[in-house]
Amino acid sequence: MNPIGIKVSSSLLDVMQDGREFESLIGYQYNNLDILGEIRRSISEIQAVRGNPIVCYVSNVVHNNINNSIDGTDELPFTEMISSVPNENKEIDIVLVTPGGSANQVNSFVNVLRPRFDKVNFIVLNMAMSAGTIFIMSGDEIIMSSQSKFGPIDPQIPNKEGRFVPAQSILVALEGIRIRGEEKLKQNKQPDWTDIQLLKNMDARDIGLAQSASKYSIDMVKDFLIKYKFRSWNKHSSTGKIVEEQEKIERANEIANLLCSHSNWKSHGHAINRDIAWNVCKLKITHSESIEGLDRAMRRMWAMFYWLFENTAIVKIFVSNNYCIIRNAAPINIPLKQARR
């Protein structure tokens with residue numbers, strides 16, 4: 001028997017209420033929950049609005065201390081998922097949620113996508129941070145809701161203790177020491193003792209790695225923006241004037257350097273919403289509300305994923321209408337129907 005007051009359902013989507021999508025899932029006991037069926041129903045809601053094939057690369061960003069980042073283990077499932085999209089489709093929408101990870105792996109993803117599709121669009125359900133930000137910069141269109149965010153692309157590098165620190169924080173500290181030291185020398189004074197000690201404790205390897213990793217991220221974003229995001233930017237919206245190629249290069253360079261600026265964002269985890277993306281970064285973002293039915297479908301999908309991440313051991317999901325790999329950290333503790341393909 002069910003406890004008093006506990007309602008029973010076999011579907012998350014069926015009990016969702018508009019505007020209270022996640023809250024409405026609480027208080028139910030779910031029997032024979034078909035996870036794959038629910039995800040694919042949610043995909044169909046977005047696909048009905050967009051008209052493009054949908055693939056989902058979604059990581060569990062609800063729980064900490066799990067291997068949810070973009071890494072080399074994603075190469076094969078991502079490639080297979082993209083290969084499963086019918087050949088006649090030349091445009092694709094990627095539903096993305098990720099805390100970040102390997103920029104090298106992102107480059108591999110883009111190399112899989114771009115020869116295959118004429119247009120690649122990203123739907124950011126919740127977050128696409130760090131390397132995820134680099135990934136969405138390779139899109140022709142970036143779609144965000146009011147709760148979506150991306151983040152700075154300053155890479156994280158291991159220090160001597162093995163802890164990961166923002167590469168840009170090392171370079172900012174080094175630049176500060178240089179500026180203060182030069183000012184002291186102009187005054188015929190010795191640099192501050194504290195700065196001298198800091199400089200002595202800086203590892204040349206860390207500095208070199210910070211410089212090369214930062215340049216790699218900046219160059220990748222700049223290249224993606226010029227090749228893909230800006231290729232349909234032909235006229236200035238304010239003046240109607242033709243956009244010259246050099247303007248695209250300069251704008252891409254500005255955005256890439258800004259996104260990698262530790263001085264500007266202060267924290268690697270700084271959330272950049274769609275308003276900041278436009279007002280500060282001058283990056284065009286499609287608002288989900290501007291496409292009828294899409295914002296609701298995105299809210300429903302994110303509420304579903306959030307509930308699954310809270311209540312199961314799912315770590316990462318690669319899924320489309322033709323493909324499915326669901327990675328778990330441990331056996332799932334709730335009753336589930338056998339996943340159907």
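Modeller: Happy to walk you through this predicted model. One definition first: axes are lines fitted to C-alpha atoms, for helices over the stretch in contact, and angles between N-to-C directions run from 0 to 180 degrees.

Biologist: Thanks! Are helix α1 and α11 roughly parallel or roughly antiparallel to each other?

Modeller: Helix α1 (residues 35–50) and α11 have axes that come within 9 Å and cross at roughly 165°. Angles over 145 degrees count as roughly antiparallel. The pair α1 and α11 is therefore roughly antiparallel.

Biologist: How many nonpolar residues does the contact of α1 with α11 have?

Modeller: From α1 come residues including Ile 39, Ile 43 and Ile 46, and from α11 residues including Met 301, Phe 305 and Leu 308. By class, the contact of α1 with α11 has one polar residue, four charged ones and, to answer you, 12 nonpolar.

Biologist: Staying with α11, is Arg 299 buried, partly exposed or exposed?

Modeller: Arg 299 sits in helix α11 (residues 294–311), and it touches Asp 18, Gly 19, Glu 21 and Gln 147, leaving aside residues up to four places away in sequence. Its relative accessible area is 26%. Buried would need under 20% and exposed over 50%, so Arg 299 is partly exposed.

Biologist: And how are α2 and α3 oriented to each other, roughly parallel or roughly antiparallel?

Modeller: Helix α2 (residues 75–83) and helix α3 (residues 103–113) pack with their axes 10 Å apart, at an angle of about 20°. Angles under 35 degrees count as roughly parallel. So α2 and α3 are roughly parallel.

Key: Residues numbered from 1 in each chain as written. Predicted model: local features only at pLDDT ≥ 70, side-chain atom pairs only at ≥ 80, totals over all residues. Heavy atoms only, no water. Helix = DSSP H or I, 4+ residues; strand = E, 2+ residues; numbered from the N terminus. Parallel < 35°, antiparallel > 145°, perpendicular 65-115°, else oblique. Buried < 20%, exposed > 50% of the residue type's maximum accessible area, 1.4 Å probe, protein only. Contact = heavy atoms within 4.5 Å. Nonpolar A, V, L, I, M, F, W, Y, C, P; charged D, E, K, R; others polar.
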